Amino acid sequence: METLITSLSPQLNFPITHASDVAAARRAGQKLADALGFDDVKAGRLAIVITEAATNILKHAGEGTVTIMRTQSGAAMPGVDVVAVDNGPGIGDLEFSLRDGVSTAGTAGTGLGALRRQADEFDVWTQHGRGAAFFMRVWRGATPPAPCGMEVGALCMPLAGEDACGDGWAVSCDADGATLLGVDGLGHGPEAAKAAAGAIHALEQRPAAAPAEVLRTAHELLRVTRGAALSVARIDYGGNDVRFAGIGNVGGLVYDGMARRALVSHNGIVGHNMRKVQEFAAPFVPGALCVLYSDGIQSQWDLGDYPGLHVRAPALVAAVLMRDFIRRRDDAMVLVARRRMA
């Protein structure tokens with residue numbers, strides 16, 4: 001049985017620069033919790049997580065971003081993910097700051113310890129002089145089992161002034177492996193978003209197919225759209241490898257903590273001009289990361305420049321890359337997937 005996770009679920013991005021932004025993010029989280037059927041206790045815990053995360057940004061960094069979205073896990077039980085990232089001074093003594101009740105800025109909450117205590121899942125990355133990133137997950141009920149062998153974290157950011165994002169992503173998981181899809185609809189706005197949705201529907205139709213077959217299916221579906229750049233990676237658990245095929249400028253790479261290996265795409269436009277589809281293979285062992293990213297993200301980055309980040313929650317990897325390498329003149333997307341350790 002396949003599990004599908006996609007960017008078609010709404011993602012709410014809140015720049016945090018003022019106390020009113022904290023309140024706006026909290027209200028959005030409460031609205032999402034209500035829509036997902038959270039009880040008062042779980043909704044209250046989510047409100048604390050959002051408030052403390054956003055307030056921490058305001059007090060210690062001055063500005064940052066809080067993102068709120070439905071869980072990127074594929075589990076049947078609903079939940080909410082919260083990602084908070086800033087570019088402030090970082091946290092000097094992380095373990096001390098995470099003690100329950102410690103609040104060095106004198107906030108009304110109970111400090112960063114509240115994030116770890118109130119969230120069902122929690123992770124953090126920080127480096128002196130390079131800010132901090134927090135990941136919190138709150139489930140509606142008890143924490144469900146992982147539905148597949150991949151951990152997923154992804155962020156999309158529309159061009160300033162646009163509501164629709166023309167970049168998208170999807171992940172399909174099954175017992176034998178997982179398929180990752182990253183798409184960049186040509187241009188931006190609603191028509192680009194329509195093209196991205198068409199590519200995601202191709203993976204819905206062929207969730208366990210080879211990358212080349214997913215691309216060919218997408219090519220047919222996108223003929224009625226403006227077209228897209230599209231990359232697809234199929235991870236085989238038994239073979240410990242990943243097969244990749246791409247058309248256009250959605251970049252891909254594999255990172256195992258030591259070496260970075262780029263995944264090769266060919267020129268063209270899926271839906272209009274797709275002359276050559278070729279698959280390439282690379283090793284992909286447990287613990288390795290596969291990253292797909294649109295051209296709204298600069299390509300000259302190296303996870304080795306961020307000590308310890310590659311072992312943190314994939315959502316944190318995506319958030320830091322988005323923070324530091326977004327071009328801000330186009331839609332942007334980063335999809336990060338880690339193969340779970342056996």
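1. Strand β3 (residues 64-70) is largely enclosed by the rest of this predicted model, because five of its seven residues are buried (under 20% relative accessible area with a 1.4 Å probe, protein chains only; exposed is over 50%, partly exposed in between). Strands are DSSP runs of E, at least two residues long, and helices are runs of H or I, at least four long, both numbered from the N terminus.

2. β3 has a partner in strand β2 (residues 11-16), to which six bridges join it in an antiparallel run. Here asparagine 13 stands opposite threonine 67 of β3. β3 also pairs with strand β4 (residues 79-86), again antiparallel, over seven bridges. Valine 66 has alanine 84 of β4 as its bridge partner. Two strands count as paired if DSSP finds at least two bridges between them.

3. The model is predicted: local features need pLDDT of at least 70 and side-chain atom pairs count only at pLDDT 80 or more, while totals for chains, interfaces and linings use all residues. Residues are numbered from 1 along each chain as its sequence is written, and side-chain values use heavy atoms, with hydrogens and water left out.

4. Helix α2 (residues 40-60) has 21 residues and spans 30 Å from first to last C-alpha, close to the expected 30 Å (1.5 Å times one less than the number of residues). Aspartate 39 caps its N-terminal end, with a side-chain oxygen 3.2 Å from the backbone nitrogen of valine 41. Just after α2, glycine 62 has a positive phi of about 90°.

5. Five strands form an open sheet with antiparallel pairing, in the order β7-β16-β15-β12-β13. β7 (150-157) and β13 (260-263) are at the edges with a single partner strand each, so one side of each has no neighbour in the sheet. The twist averages 15° from one strand to the next. Five bridges pair β15 (residues 289-293) with β16 (residues 332-339) in the antiparallel sense; valine 291 has valine 336 of β16 as its bridge partner.

6. A further open sheet has six strands with antiparallel pairing, ordered β1-β8-β9-β10-β11-β14. Its edge strands, β1 (3-6) and β14 (280-283), each pair on one side only. β8 (residues 167-173) and β9 (residues 177-185) run antiparallel, joined by seven bridges. The bridge partner of valine 171 in β9 is leucine 180.

How values were computed. A polar contact is a pair of N or O atoms within 3.5 Å; within protein, one must be able to donate a hydrogen and the other to accept it, and residues adjacent in sequence count only if both atoms are side-chain atoms. Axes are lines fitted to C-alpha atoms, for helices over the stretch in contact, and angles run from 0 to 180 degrees between N-to-C directions.
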